[in-house]
Amino acid sequence: MRQITIIQGHPDPACNRLLHAMADAYAEGAAAGGHEVRRVEVAKLDFPILRTKEDFEKGTTPEALKDAQDAIRWADHLVFLYPLWLGDMPALFKAFLEQTLRPGFAFDYLAGGKIEMHLTGKSARIILTMGMPALAYRLWFGAHSLKSFERNILKFAGIRPVRRNLFGMVEGVSDTKRKKWLDELRRLGRDGS
Ligand SMILES: Cc1cc2nc3c(=O)[nH]c(=O)nc-3n(C[C@H](O)[C@H](O)[C@H](O)COP(=O)(O)O)c2cc1C
């Protein structure tokens, strides 16, 4: 049995997008597989944008994000879901990561330019949806923003392995394909993977 935290990075607080159905399917599967699940809805959290290096390194986490940090600390597996916006993660989700994965929580700077990672022992899965074909994002754009999230943010804090699922051409997707995708998410949840 695993302790899984699902972090929904879609900025739409209406919670009726494909990604919300995907997070629900994953959570359903995880519950059926006997895993413990906690959920974070970034769109529903009221927090400021990080503006200075001083705040990042020496400031305190906004009150509204303390539960999210607690859910990240508690988990041994993290599932991040977000849509591709302007080739990258939506600004609100990036703002959430800047505020939560700060020094003292996710890592610490040591003398000699070394880094102490605080989130080791956790794995992650990234669920990314996009308007273009997923193959085009991988081959033509080199999946650059996804690699940056994996390497510069997650692995930097010690989170590994990081697995990923890319869903392309999501707009106007057929009911059959949507069901197939949700079944896939349910299976991943059941496996705690
Ligand atoms: C502001 C904005 C920017 C977007 N930028 C891109 C993009 O750069 N590349 C792409 O393939 N799709 C882009 N899209 C399409 C979204 O990725 C797509 O609508 C989303 O993955 C659908 O998921 P949802 O139904 O859960 O919102 C963009 C959509 C919006 C609203």
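## From the ligand to the sheet

Mentor: Let us start at the ligand: it has 15 residues around it, and those that come nearest are Arg 17, Pro 83, Thr 129, Met 130 and Gly 131. A residue counts as near a molecule or strand when its C-beta atom, placed from the backbone, lies within 6 Å of it. Sorted by class, this shell holds nine nonpolar, four polar and two charged residues. Here Ala, Val, Leu, Ile, Met, Phe, Trp, Tyr, Cys and Pro are nonpolar, Asp, Glu, Lys and Arg are charged, and the others, Gly among them, are polar.

Before we go on, please keep in mind that this is a predicted model, in which local features need pLDDT of at least 70 and side-chain atom pairs count only at pLDDT 80 or more, while totals for chains, interfaces and linings use all residues. Residue numbers start from 1 along each chain as its sequence is written.

Now for the part I would like you to look at closely, the sheet. It is open and built from five strands in the order 2-1-3-6-7, with parallel pairing. Strands (E, at least two residues) and helices (H or I, at least four) are DSSP runs numbered from the N terminus, and two strands pair if DSSP finds at least two bridges between them. At the edges stand strand 2 (36-41) and strand 7 (162-167); each has a single partner strand, so one side of each is left without a neighbour in the sheet. Direction ignored, neighbouring strands are turned by 15° against each other on average; the axes behind such angles are lines fitted to C-alpha atoms, for helices over the stretch in contact, and angles run from 0 to 180 degrees between N-to-C directions.

Let us follow the pairings across. Strand 1 (residues 3-8) is joined to strand 3 (residues 77-83) by five bridges in the parallel sense, and Thr 5 faces Leu 78 of strand 3. Strand 3 in turn pairs in parallel with strand 6 over seven bridges, where His 77 stands opposite Ser 123. Strand 6 and strand 7 also run parallel, joined by six bridges, and Ile 126 has Arg 164 in strand 7 as its bridge partner.

Six of its seven residues are buried, so strand 6 is largely enclosed by the rest of the structure. Buried means that 20 or more other C-beta atoms lie within 10 Å of the residue's own, exposed means 12 or fewer, and partly exposed is in between, with C-beta atoms placed from the backbone. Helix 6 (residues 144-154) lies across strand 6 (123-129) and strand 7, at about 155° to strand 6.

Asp 76 shows how the sheet connects to its surroundings. It sits in the loop between helix 3 (66-74) and strand 3, and it is partly exposed, with 15 other C-beta atoms within 10 Å. Apart from neighbours within four places in sequence, Asp 76 is in contact (C-beta atoms, placed from the backbone, within 7 Å) with Arg 2, Gln 3, Gly 121 and Lys 122.

Buried residues make up 32% of its 193 residues.

Definitions and conventions. Contact = placed C-beta atoms within 7 Å.
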